[in-house]
Amino acid sequence: MQNNTISERLMQLAQQENNAVVSAIIDHLSIHSFKGQLSANTVEEFCQTFQLSTIELALNCLSIASCYGLTPISNFNVGAVAIGKSGTFYFGANQEYNSVAIAQTVHAEQSAISHAWHADEESITDIVVNYTPCGHCRQFLNELNVSSNLKVHLPHSQNNLLHSYLPDSFGPKDLNISKLLFDEQDHKFTLNRNDNVAQSALQALNKSHAPYSQAFCGVALSLDNGEVITGRYVENAAFNPSFPPLQSALNYRRLNSLSEVKINRIVMVEKEAGLSHKQVTESLAKAYLDIDIEYIKI
């Protein structure tokens, strides 16, 4: 299924799995252009129809979420569901890119969390994954404003606090950081350009989370259908689990089932700081999309 479109993968999954819940969810997604999320009202309706708890429904969504994966290297798809405070389900899946460093990989938990964050969700209550989170993802989840109460659910084990997977953790509070991931942020930078794509990248920069380096950064993708998709940089107290802005944008594009819509421009706006995402962004944009980025430093 690796080369199939997301819609084709989901329709194949519906045929392969003898699961009424999975089939019903895929039918619902097909009506909504296969966008990888379920509204709070839809979640409630499915729970009532199938007599499932919210977590049981999310567990049924994992095989669906994994269909959004992009895994040309590992051929190993991981699916995740972030449950927002609103009750909305946000799907996530791992994504890999040929011809660039393996560190450019997107993990499924990062994917789901970033998806929810870009949808302006207030916070997350639960993360549901089909495989035990790796150390990288445990540290990434520790950046959330609800990390002390976040529950992790797996097919074989539910209702586990994140800190049971990350005991004696190191996080933002050890570095005296008070604004955490999902806390409202506006860095109030401006850009004197009459260009809606550049302004969209700037808006992403102003919502980015970079309390350790102050290297605020945003990316905007202009699509051939007229839409503009943005991505925001997410920094982590342990540095390496940070999430680059281009991956953030590509992730949101993929989970909104827009992967087949061509990108015609990539604009990156970055605040000058002690580090930069310019080179790694150029590398991925060229290798994966064969596009040169338009770089703006402020």
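**Entry 1: cavities**

What I am reading is a predicted model, in which local features need pLDDT of at least 70 and side-chain atom pairs count only at pLDDT 80 or more, while totals for chains, interfaces and linings use all residues. I number residues from 1 along each chain as its sequence is written, and side-chain values use heavy atoms, with hydrogens and water left out.

For the largest cavity I noted a volume of about 40 Å³, a volume being the space filled by probe spheres set on the grid points, which are joined across faces, edges and corners. Its lining consists of Leu70, Gln95, Tyr97, Leu250, Arg253, Arg254, Ser259 and Tyr288, where a lining residue has an atom within 4 Å of a point. I sorted these into four nonpolar, two polar and two charged residues, taking Ala, Val, Leu, Ile, Met, Phe, Trp, Tyr, Cys and Pro as nonpolar, Asp, Glu, Lys and Arg as charged, and the others, Gly among them, as polar.

Which helix gives the most to this lining? Helix 9 (residues 245–255) does, with three residues; helices (H or I, at least four residues) and strands (E, at least two) are DSSP runs numbered from the N terminus.

**Entry 2: the two domains**

I looked up the domain assignment, which gives domain 1 (34–175) and domain 2 (196–297), with bounds that come from an automatic or database assignment. The C-alpha centres of domain 1 and domain 2 lie 21 Å apart, and 32 residues of domain 1 are in contact with 31 residues of domain 2, contact meaning heavy atoms within 4.5 Å. Because both domains give residues to the lining of the largest cavity, that cavity lies between them.

**Entry 3: the largest pocket**

I then turned to open space, a pocket being an open set with protein on both sides within 12 Å along at least five of seven lines. The largest pocket holds about 500 Å³ of space, and of the 23 residues that line it, Ala103, Asn240, Ser242, Pro244 and His277 are the closest to its centre. By class I recorded ten nonpolar, twelve polar and one charged residues in this lining, which draws at least three residues from each of domain 1 and domain 2.

**Entry 4: the UniProt positions**

From the UniProt record (an unreviewed entry) I took the feature "binding site" at Asn94, Gln95 and Glu96, bearing in mind that annotations may be inferred rather than shown by experiment. Of this set, Gln95 is taken in by the lining of the largest cavity.

Is asparagine 94 buried or exposed? It counts as buried because its relative accessibility is 7%, the cut-offs being under 20% for buried, over 50% for exposed and partly exposed in between (1.4 Å probe, protein chains only). I placed asparagine 94 in the loop between strand 3 (89–93) and helix 5, and its contacts, leaving aside neighbours within four places in sequence, include Leu70, Phe76 and His107.

**Entry 5: positive phi values**

Aspartate 120, in the loop between helix 5 (108–118) and strand 4 (124–129), has a phi near 65°, a positive value in a residue other than glycine, and at 53% relative accessibility aspartate 120 counts as exposed. Phenylalanine 239 also has a positive phi, of about 65°, and lies in the loop between strand 8 (228–232) and helix 9; at 52% relative accessibility, phenylalanine 239 counts as exposed.

Terms used
1 Å grid on protein atoms, 1.4 Å probe; cavity = no way out; pocket = protein on both sides within 12 Å on 5 of 7 lines; lining within 4 Å.
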